[in-house]
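Please look at the sequence and the structure before reading on.

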Amino acid sequence: MAGNIKSEIRTLERMMSIYCRGKHGGERLCPDCGALLVYAAGCIINCPRDPKPACKACPSNCYAPEKRALIREVMRYSGPKMLFRHPLLTLRHYLRF
Ligand code: SF4
Ligand SMILES: [Zn+2]
């Protein structure tokens with residue numbers, strides 16, 4: 001797997017866990033957030049675009065509309081928190097959705 005794909009998925013994982021902890025209260029990802037992470041990681045791994053653009057700027061966004069809305073909610077919630085916890089990762093990746 002290409003390094004940028006791995007790093008994108010790692011960032012997504014961190015953002016999902018910040019979101020889930022804040023909204024759903026557990027130490028580990030809840031089943032819904034876990035399923036969303038698996039879904040989004042699958043889209044990124046199977047991305048047909050080469051080079052891969054930022055998902056939020058992608059003209060043929062491959063996410064199902066409801067999943068895309070959920071991911072955007074996660075980004076909105078976790079983005080500002082990521083700035084403090086993982087500033088470098090955030091600078092590089094958090095606006096990719
Ligand atoms: S939204 Fe676009 S860039 Fe993101 S994974 Fe899907 S096809 Fe690739
Ligand atoms: Zn959750």
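Donors are N, O and S atoms within 2.8 Å of the metal (3.2 Å for Na, K and Ca), and sites may look incomplete because water is not among the atoms. The model is predicted, so local features need pLDDT of at least 70 and side-chain atom pairs count only at pLDDT 80 or more, while totals for chains, interfaces and linings use all residues. Residues are numbered from 1 along each chain as its sequence is written, chains are lettered from A and ligands numbered from 1 in the order in which they are written, and side-chain values use heavy atoms, without hydrogens and water.

**The zinc site**

The donor residues of the zinc ion (ligand 2) follow the sequence spacing C-x3-H-x5-C-x2-C. The donor atoms are SG of C20, ND1 of H24, SG of C30 and SG of C33, at 2.0 to 2.4 Å from the zinc ion. The angles among the four donor atoms are 100 to 120 degrees, and the site is tetrahedral (four donors with all angles between 85 and 135 degrees).

Helices are DSSP runs of H or I with at least four residues, numbered from the N terminus. C20 and H24 are separated by about one helical turn because they lie four residues apart in helix α1 (residues 3–24). Relative accessible area, found with a 1.4 Å probe on protein chains only, is under 20% for buried residues, over 50% for exposed ones and in between for partly exposed ones. C20, at 1%, is therefore buried, whereas H24, at 42%, is partly exposed.

**Helix packing**

Two packed helices are described by the angle between their axes and the distance between the axes. Axes are lines fitted to C-alpha atoms, for helices over the stretch in contact, and the angles between N-to-C directions run from 0 to 180 degrees.

| Helix pair | Angle | Axis distance |
|---|---|---|
| α1 and α3 (residues 65–85) | roughly 100 degrees | within 8 Å |
| α2 and α3 | about 105 degrees | 11 Å |

The helices α2 and α3 are roughly perpendicular (65 to 115 degrees). Their contact (heavy atoms within 4.5 Å) involves L36, Y39 and A40 of α2 with K67, L70, I71 and V74 of α3. α1 and α3 are likewise roughly perpendicular. Residues of α1 that meet α3 include L12, M15 and Y19, and those of α3 include I71, V74 and M82.

**Other features**

P51 lies in the loop between α2 (31–45) and α3, and a cis peptide bond with omega of about 5 degrees joins D50 and P51.

Notes
Tetrahedral: all angles 85-135°; square planar, octahedral: opposite > 155°, others 65-115°. Helix = DSSP H or I, 4+ residues; strand = E, 2+ residues; numbered from the N terminus. Parallel < 35°, antiparallel > 145°, perpendicular 65-115°, else oblique.
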